[in-house]
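I opened this entry to get my bearings in a structure that is new to me. My notes run from the whole chain down to single residues.

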Amino acid sequence: MSDRIDSLSDYFKRYEESIADPEQFWEKIAKQFHWQKPWDTVLDWDFEGPNITWFKNAKLNLTENIFEKQRFADENKIAILWEPNDPQEDSRKISYKELFERTGQFANAMLEQGVEKGDRVIIYMPMVPEAAIAMLACARIGAVHSVVFAGFSATALADRINDCSAKMVLTSDGNFRGAKKIPVKEVVDEALKHTTTISKVIVYQRTGQAVTMEAGRDVWWHDAIAGVPSENTPESMDAEDLLFILYTSGSTGKPKGVAHTTAGYMLYTYYTFRNVFQYESDDVYWCTADVGWITGHSYIVYGPLLAGATTLMFEGVPTYPDAGRFWDIIDKYKVNQFYTAPTAIRALQACGLEPLEGHSLDSIKVIGSVGEPINEEAWHWYHHHIGKGRCPLVDTWWQTETGGIMISPLAGITPNKPAHASLPLPGIQPVIVDAEGVELKGNNVEGNLCIRFPWPGMIRTTYGDHERCKNTYFSTYPGMYFTGDGVKRDHDGYLRILGRVDDVINVSGHRMGTAEVENAINEHPNVIESAVVGYPHDIKGQGIYAFAICDSKGLTDAALIAGIKDTVRDIIGPIAKPDQVQIVSGLPKTRSGKIMRRILRKVASKDISNMGDTSTLLNPEVVDEIIKGAGIQ
Ligand code: PRX
């Protein structure tokens, strides 16, 4: 049986099979991989624990399925095409053979530096092939990687290192991003002042800028691999051994470490990559995400490489040196599948059509969207101007926790409906529930999105705190995984994702917990209390709006606002910096002291119609003040 779905009727047939007998369905796919030892059972599960075991007691190494046992690519095929930030710099082409050698060599280098199976390794690197090599080398030796987006601050990095007691950091001297040169190693040095578990830091030389190397701790990447052989025996991993941890924001507290395991994630990213994008053997596939996010893990590195694809990695940003950069790259490499985020589409749409001039974009067969709801205007612009009206657009809904794409059209197979993620992939059983958890069956319904049955790529735990995993995802609606998203099933049975229903905001496709931003704001010495909400933003999808009560101590509002923005940037990183800060004398609260965020959301979105009854508030007078302060009245 081929893994490839090739028509709509084939999709429906396989979907039915996957629901009728999920174990048989996934077992057939699993059998095409190389296992050092087969499984005892395909699936053991309960969502109460939750306890999820796919392919119990099976042994494998994921990288063997990319290299030694690769079924799709010959060794000379290009695995990674790399385009640098600066178009004048040389690009790189890395074949499967070379990637195998470099992975083995770096795996050996990490072993020499003292990493053992099960150790946690932080990857805080720019978008260079070495970031992918680092991930694969970890998988090779059974170390658990945790990639941290290189835009996060020293505090955020230290928090993640401490949460997983990491042993090693892989980083670079600096990072080119557009016209900027970012001092990456400096951030690591600062973070390590607040950690105790790191014994080695391996530093990849990217920008050549001066850095401090601490003797005994810091090693240059080129020194670490010098003279190291590439032959490496892959570690034998249990199917449920951790492959990686990726930190993501939720509605409460600090970011949590979403934990993914080896076999299920391998199968799921491979299967979804092949089917959603309909990748064919000579295609060039490009996902514009950063490896610091789950999209980069699943659809730049693991999914494409397991499918023997040529995956393009781009170091830079869409607008450098100009707003035509994406289109230049597509034409340069004759990209066939192009996968990006709505925020990038809207930003490029705002640049007008001129940057598209002189580009053919003829090579593109499939365009994709991920990370946030795509508004209809952006969908049509993307479909018309980039897909030239002839390319299927796959609006892929999924999450860090799901490991891979869950609801999406299959390119060229599922009829396209603007702004609809459409239909679940085989094996995925979505359920729409109301606030009480009652299932809303049939079409034309709207509610909260849950999943009722396990899939191989799903989260297994939140690292070091299983209760938190249970409480966040499996307790709201017992017996189901709760996604945190709202959804609508239309009259055709197609699903449309409506966005988060919890206190998570989605800024340019990045997840931000309002509590996390508030905690950062409260670190500002003049801030007494704060509340953060999302509001509609033309480019970012959602912007961050902060209300803060301050003891000004003589500072002007402008100085307080600037200070608050800087504090958030320093504590979390530039991506969390509030777009708007309003200094207020009070926050609307219920009599039990709870902040009425609904009111703040209305003010932030400058829509004060239907404010509802505010007379029951503890302090109704602040509402008018806040409205005035926002410049609405
Ligand atoms: O709200 C959904 C939104 O992004 C959230 C997941 O964020 P993260 O874990 O960072 O993963 C992003 C990349 C997979 C979801 O809960 N989201 C993601 N894709 C879509 C989406 N919302 C609407 N449509 C999508 N295609």
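Here is what I looked up, in order.

**Ground rules.** I am working with a predicted model, where local features need pLDDT of at least 70, side-chain atom pairs count only at pLDDT 80 or more, and totals for chains, interfaces and linings use all residues. Residues are numbered from 1 along each chain as its sequence is written, and side-chain values use heavy atoms, with hydrogens and water left out.

**Whole protein.** I began with secondary structure and found 17 helices and 30 strands. Both are DSSP runs numbered from the N terminus: helices are H or I with at least four residues, strands are E with at least two. Next I checked the radius of gyration, which is 24 Å, close to the 26 Å that the globule rule gives for 633 residues, so the protein is as compact as a globular protein of that length. The radius is taken over C-alpha atoms, and the rule is 2.2 Å times the number of residues to the power 0.38. The C-alpha trace spans about 70 × 65 × 55 Å along its principal axes.

How much of the protein is buried? Buried residues make up 62% of the 633. Buried means under 20% relative accessible area, exposed over 50%, and partly exposed in between (1.4 Å probe, protein chains only). I then looked at contacts, meaning heavy atoms within 4.5 Å. Among those between residues at least 6 apart in sequence, 71% join residues at least 24 apart.

**Arg489.** This residue lies in strand β24, residues 481-489. I found Arg489 buried, at 15% relative accessibility. Beyond four places in sequence, its contacts include Ile432, Leu440, Asn443 and Tyr494. Gly442 is also one of its contacts. The backbone oxygen of Gly442 lies 2.5 Å from a polar atom of the Arg489 side chain. I also took a distance to Leu449, 40 residues away along the chain: the C-alpha atoms are separated by 10 Å.

**Gln582.** Buried or exposed? At 6% relative accessibility, Gln582 counts as buried. Its place is strand β30, residues 580-584. Leaving out residues up to four places away, Gln582 touches Tyr545, Phe547, Val603 and Ile626, among others. With the side chain of Tyr545, the Gln582 side chain makes a polar contact at 2.7 Å. Such a contact is a pair of N or O atoms within 3.5 Å; within protein, one must be able to donate a hydrogen and the other to accept it, and residues adjacent in sequence count only if both atoms are side-chain atoms.

**Helix α14.** Why did I call this helix largely enclosed by the rest of the structure? Because 7 of the 8 residues of α14 (514-521) are buried. Among them are Glu516 and Glu518. The buried residues of α14 pack against strands β26, β27, β28 and β29 and helices α15 and α16.

I found a cis peptide bond joining Gly49 and Pro50, with omega about -10 degrees. Pro50 is in the loop between β1 and β2. The bond from Tyr320 to Pro321 is cis too, with omega near -5 degrees. Pro321 sits in the loop between β17 and α10.

I also noted positive phi values. Lys553 has phi near 45 degrees, in the loop between β29 and α15. Lys553 is exposed, with a relative accessible area of 60%. Lys606 has phi of about 55 degrees, in the loop between α16 and α17. Lys606 counts as partly exposed, at 49%.
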